[in-house]
Amino acid sequence: MAGIADPKSVQVDKSGGTGVEIAWKDGHQSHYTFQFLRDACPCALCDDERAKTSRKPGSPPAAAPGALPMFREPLRPTEVQPAGKYAITFVWNDGHQHGIYSWEYLYRLGVEHDRRWRDYLAALRQQGLGREPKRG
Ligand SMILES: [Zn+2]
């Protein structure tokens with residue numbers, strides 16, 4: 001089944017840690033940070049957790065009220081594997097590994113991620129922080 005959500009090329013920067021870059025066959029280009037992908041994990045466990053806390057895929061979990069920010073090691077996949085022709089799976093360095101990221105899901109996330117990134121930059125500008133941070 002060929003759809004618009006077919007990747008032309010997929011690049012995973014495992015060692016550099018900048019994230020995943022996908023060029024789609026329709027010409028769209030998507031960039032995802034690893035943290036974003038981890039927070040958007042589509043497995044049943046994460047899905048359940050997000051539903052309970054009404055968190056959107058890709059949004060970080062809310063910190064407990066009053067909790068100090070916890071140090072989180074930068075998220076990276078230790079392994080990346082294709083799942084047939086339709087998906088990709090990651091083994092994350094936090095030990096999680098059940099998510100199967102279909103191309104269709106990634107495509108939708110990519111559009112969402114772009115929108116979030118624009119909102120983020122717009123928010124920075126509104127705060128007078130004109131200098132745009134390096135992406136990734
Ligand atoms: Zn998960």
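Mentor: Let's start with Phe-34, which lies in helix H1. Helices (H or I, at least four residues) and strands (E, at least two) are DSSP runs, numbered from the N terminus. Bear in mind that this is a predicted model: local features need pLDDT of at least 70, side-chain atom pairs count only at pLDDT 80 or more, and totals for chains, interfaces and linings use all residues. Residues are numbered from 1 along each chain as its sequence is written.

Trainee: Which residues is Phe-34 in contact with, leaving aside its neighbours within four places in sequence?

Mentor: Gly-17, Gly-19, Leu-75, Arg-76 and Pro-77. "In contact" has a cut-off too: the two C-beta atoms, placed from the backbone, lie within 7 Å. As for distance along the chain, Phe-34 and Pro-74 are 40 residues apart in sequence, yet 8.6 Å apart in space, C-alpha to C-alpha.

Trainee: On to H3, then. How do you know that the span of H3 agrees with its 24 residues?

Mentor: The expected span of a helix is 1.5 Å times one less than its number of residues. For the 24 residues of H3 that should give 34 Å, and the end C-alpha atoms are 34 Å apart, so the two agree.

Trainee: Which residues of H3 are buried?

Mentor: Trp-103, Leu-106, Tyr-107, Leu-109, Gly-110 and His-113. They pack against strands S1, S2 and S3, helix H1, and also S5 and S6.

Trainee: And what makes S4 and S5 a pair?

Mentor: Two strands pair if DSSP finds at least two bridges between them. S4 and S5 have 6 bridges, in the antiparallel sense, so they qualify. Within that pair, Glu-79 stands opposite Val-91 in S5.

Trainee: What is the order of the strands in the open sheet of 3?

Mentor: S4-S5-S6, with antiparallel pairing. S4 (77–83) and S6 (100–102) are the edge strands, since each pairs on one side only.

Trainee: Where does H3 lie?

Mentor: H3 lies across S5 and S6, at about 75 degrees to S6. Axes are lines fitted to C-alpha atoms, for helices over the stretch in contact, and angles run from 0 to 180 degrees between N-to-C directions.

Technical notes. A residue is buried if 20 or more other C-beta atoms lie within 10 Å of its own, exposed if 12 or fewer, and partly exposed in between; C-beta atoms are placed from the backbone.
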